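Please look over the sequence and the three-dimensional structure shown here, and then read the briefing that follows them.

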Amino acid sequence: MRRSWSAQIVSALVLASAATSASGVVWFVKPGAAGAGTSWANPIDLQGALAAAAAGDEIRVAAGTYKPGAARNSTFLLNGETLRGGYPAAGGAVADPVANPTILSGDIGVAGMAADNCYHVVWSWGGIIDGFIIRGGNADGLGGGGADSIYGGGLYIRGGTIIDRCKIVRNRAHSGGGAYYFTNQPGSGLTVLRSTIVDNDAFGAAGAPAFLGNGGGILTESQEGAGALIMNRCSVLGNICTGSGGGVNSLDMSIDFQNTVFSGNSAMGGPGGGVQVASLAGPGLGTIFNCTFASNHANYGLGTGGASLSHIWLVNSILWGNTAAGGPVADRQVYGAVMNIEYCDIEGWAGGGAGNISGNPFYVDELGADGMAGTEDDDVRLKSLSPCRDAGRNSEAAIPSDRDGGIRIRQSKLLGGSVTVDMGAYEHPIVTLPGVGLTAPIAPGHVK
Ligand SMILES: [Ca+2]
Ligand SMILES: [Ca+2]
Ligand SMILES: [Ca+2]
């Protein structure tokens, strides 16, 4: 089971990085353009391209800001296309989402005021979304916007979708503030790669059904265990909800999280400050490998500030520095049922198990320069004195890259001998030479 999900991630990475291999038509988009969309010299606007494109087509989007339309139920509707942002404003061959910010914004009407924004910035029946900043969605349609308008402010997803190299930021909804995914189809999945989900909000309402307010960053649900949520090399930061699952909430679905950071997320009305996973027993356990949970909080008396889990294989992960309204220190890090926990560093842990430790992981700077958890400067890489270096188990580290894109399995404490993966989302890139204590960086990788 766990091998098949890892294989699926690798397949998704290959698919998402096949930038120029789409078999369909390629469309070229610039803000406000009114051409035919056949080249950068003859571009079309984004809604025009989405209306004209067929499943399998690729839509290349130049830097700029794009809004779905004038009405709250306007949305960018994806139906099997590849939507790729990050191209230079003047057009060009190479997409670079960092250098060329390409923004899908739901902030229509009064700028900066959420009450008149689009319910969903993006609605996906399936496809690939690569290289965008997605922000300003507000699915607050309880009693006014239709049955779906309470879920998924940033993205409302109903079919197999890959999100790669995106930032999903400052969206809100009654549930699934950043993104919501529902499926009843076995084999369907939501895959989120190399993306940051930050500062999204899921909120209940006076008199609203109790099932609202869950999944500040992402909420996924299925019927009878269909579907999967796969996350690799992501950062889930500073999301909040009034219910449970501040960062991510996943119900009755297979999950596989690897090389991902959960920092500064909060669940104010239930378990799972960072994550709540309520998996079915199914044919195997869901997997959380090489993840780091820090500074998450649950306003919940039995613990679960970091993660509230069921039917999970938790390996090579760090859960340290999470808080809750009650419970023993270890329970505030992780609490749940049917968990297989090995080679993890868990604050207050006294539960035994192969390879588990409980010492301070020595994050570089978990609050970052702004002194606040849940923002993009949070740094949960490992200092050189961390006991998490070379303390994991290689068999669960199938993905070749850590959160930074550095080599996932490398030996940092001593040259020679076995080569061992670290615990957590980041592999430490410093080698300590035996005997003399000298250190030398190994490229590539982030060094602090
Ligand atoms: Ca607005
Ligand atoms: Ca910070
Ligand atoms: Ca290592």
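In strand β26, Ser254 is the bridge partner of Ala228. This is a predicted model, in which local features need pLDDT of at least 70 and side-chain atom pairs count only at pLDDT 80 or more, while totals for chains, interfaces and linings use all residues. Residues are numbered from 1 along each chain as its sequence is written, and chains are lettered from A and ligands numbered from 1 in the order in which they are written. Helices (H or I, at least four residues) and strands (E, at least two) are DSSP runs, numbered from the N terminus, and two strands pair if DSSP finds at least two bridges between them.

- Strand β22 (residues 228-232) is largely enclosed by the rest of the structure, because five of its five residues are buried; a residue is buried if 20 or more other C-beta atoms lie within 10 Å of its own, exposed if 12 or fewer, and partly exposed in between, with C-beta atoms placed from the backbone.
- Strand β18 (residues 189-193) runs parallel to β22 and is joined to it by five bridges, and Val192 stands opposite Met231 in β22.
- Strand β26 (residues 254-258) also pairs with β22 in the parallel sense, over five bridges.

**An open sheet**

- Seven strands, in the order β12-β16-β20-β24-β28-β32-β35, form an open sheet with parallel pairing, and its edge strands, β12 (138-139) and β35 (323-324), each pair on one side only.
- Within this sheet, β24 (residues 240-241) and β28 (residues 266-267) pair in the parallel sense over two bridges, and Cys241 stands opposite Ala267 in β28.

**The largest nonpolar core**

- A nonpolar core is a set of buried Ala, Val, Leu, Ile, Met, Phe, Trp, Tyr and Cys residues joined through C-beta atoms within 7 Å; the largest one has 110 residues, of which Val29, Val122, Ile134, Tyr180, Leu314 and Cys344 touch the most other members.
- Strand β33 (residues 307-315) gives the largest share of this core, six residues.
- Leaving aside neighbours within four places in sequence, Val122 has contacts that include Thr75, Phe76, Ile134 and Leu155, where contact means that two C-beta atoms, placed from the backbone, lie within 7 Å.

**An exposed loop residue**

- Ala54 lies in the loop between α2 (46-52) and β4 (58-62), and Ala54 is exposed because 10 other C-beta atoms lie within 10 Å.
- Ala54 and Asn79 are 25 residues apart along the chain, and their C-alpha atoms are separated by 7.6 Å.
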